[in-house]
Amino acid sequence: MKFVILIFLITIVCVNGQQKMMKIFGKVLDVDLEFEVLNYECVEDCFKEDDCILVFTNTIGRCLRYYFNTTEKLTVVETKREEGLMVAFKTRFLLDQCPAYDDMDLVVTVGKDPIPWIKNGNEYTFKKCIYDWKMFERENGVVVCMQTFVEHVYRLEHAMKRCDELGGYQLTGVQSKEELQWIFDRRSSTWEKISGFWINARRQSLYSGKNDTHFNITDGYTTLDQEFYRNFADLSGISDKGIPEDCLMVCEANRGFLMDDILCQSSTSRQGKGYVCGYQLV
């Protein structure tokens, strides 16, 4: 593997198909290098470390390395050469040819999913979900982080409470097939078909017990899409005993559906094997 540094306003070198470090005159916002240790090999060390995504350094060798698993937000600001500050991004170019600086499409490729650096004027911003939470960017521009938790839960309110207790998170709603499939795939192969994850959806009282898609979703970032539930949920509205089934669970439902409407309060944990927490990334 070759070690490549791309230097803004100095030289640009590209090797197609390989991970690279792109080095620009810049700084990490609100960070002072004055008391950091000296390490002239900081950029090279970052390139060799799988989890390292960025280096902030100066001309006398003081530096800070940033790591994927411990970094949620970063803002990098371009500076002038005479300030003696530099930032090195670990990235993989998306273009077939070595691009001009203004055409560079910076992406963090550490981890399971590529995360873009967003350039706005002379600033680059990077945001990711906490830990190994899954990030979804919705069509309305909302970015949501989700994680599944395996725990016997008997009712919708209990699932909501557990998400809040874990860190002020929300029992999350589901907005797309991609999100739904990810949750479904997190089910254990040992679970029964009807067993699954609670999600944030409760049929509105006016439509309780009916085969209807008017659901209340209270996470604060998911909007009701009735067609989505028609396409992916096995809806009946009532149980075999005539009891309203007004809540939703991601499970292996009948006829190939990935969601089923169930009782919002059950006397058994056979269905509720877990829940899906989430939060909006801002």
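Is Asp234 buried or exposed? At 9% relative accessibility, Asp234 counts as buried. The cut-off for that class is under 20% relative accessible area. The model described here is predicted.

Asp234 does have a charged partner. Its side chain meets that of Arg255 in a salt bridge, at 2.6 Å from N to O. Arg255 counts as exposed, at 68% relative accessibility.

Asp234 lies in strand S16 (residues 233–234). Arg255 lies in the loop between S17 and strand S18 (259–262). The two are 21 residues apart in sequence, so the pair ties together separate parts of the chain.

## Other salt bridges

The count comes to 11 salt bridges. One of them joins the side chains of Arg65 and Asp45, at 3.8 Å from N to O. Arg65 belongs to strand S4 (residues 63–67) and Asp45 to helix H1, so this pair ties together parts that are 20 residues apart in sequence. Arg65 is partly exposed, with a relative accessible area of 26%. Asp45 is partly exposed too, at 25%.

Another salt bridge links Glu151 and Arg162, at 3.0 Å from N to O. Glu151 sits in the loop between S12 and helix H2 (156–165), and Arg162 in helix H2 itself, so parts 11 residues apart in sequence are tied together. Glu151 is partly exposed, with a relative accessible area of 25%. Shared partners extend the picture: Glu151, Lys161, Arg162 and Glu165 are joined into one network of salt bridges.

## Nonpolar cores

In soluble globular proteins, nonpolar side chains tend to be buried together. Here the largest nonpolar core has 25 residues. Those with the most contacts inside it are Ile183, Ile199, Tyr229, Leu248 and Met259. H3 gives the most, with four residues.

A second, separate core has 23 residues, including Trp133, Cys145, Phe257 and Tyr279.

## Disulfides

A disulfide is a covalent bond between the sulfur atoms of two cysteines. The count here comes to five. One joins Cys46 to Cys52, with an S to S distance of 2.0 Å. The link is left-handed, with -100° about the S-S bond. Cys46 and Cys52 are both buried.

Cys129 and Cys145 form another disulfide, at 2.1 Å from S to S. This link is left-handed as well, at -85°. Distant parts of the chain are joined: Cys129 is in the loop between strand S10 (123–127) and strand S11 (134–137), and Cys145 is in strand S12, 16 residues apart. Both Cys129 and Cys145 are buried.

The disulfide of Cys247 and Cys264 spans 2.0 Å from S to S. The link of Cys247 and Cys264 is right-handed, with 105° about the S-S bond. Cys247 is in strand S17, and Cys264 is in the loop between S18 and strand S19 (272–280), 17 residues apart. Cys247 is buried at 0% relative accessibility, and Cys264 is buried at 9%.

## A nonpolar patch on the surface

Some nonpolar residues lie on the surface. Leu38, Tyr40 and Ile60 form a patch there, with about 350 Å² of accessible area together. Leu38 is found in the loop between strand S2 (20–28) and helix H1 (42–48).

Notes:
Residues are numbered from 1 along each chain as its sequence is written. This is a predicted model: local features need pLDDT of at least 70, side-chain atom pairs count only at pLDDT 80 or more; totals for chains, interfaces and linings use all residues. Side-chain values use heavy atoms; hydrogens and water are left out. Patches are made of residues with over 30% relative accessible area and no salt bridge: like charges are joined within 9 Å, nonpolar side chains (Val, Leu, Ile, Met, Phe, Trp, Tyr) within 5 Å. Accessible areas come from the Shrake-Rupley method with a 1.4 Å probe; for residues, only the protein chains shown count as cover. A salt bridge is a side-chain nitrogen of Lys or Arg within 4 Å of a carboxyl oxygen of Asp or Glu. A nonpolar core is a set of buried Ala, Val, Leu, Ile, Met, Phe, Trp, Tyr and Cys residues joined through side-chain atoms within 4.5 Å. Buried means under 20% relative accessible area, exposed over 50%, partly exposed in between (1.4 Å probe, protein chains only). A disulfide is a pair of cysteine sulfur atoms within 2.5 Å.
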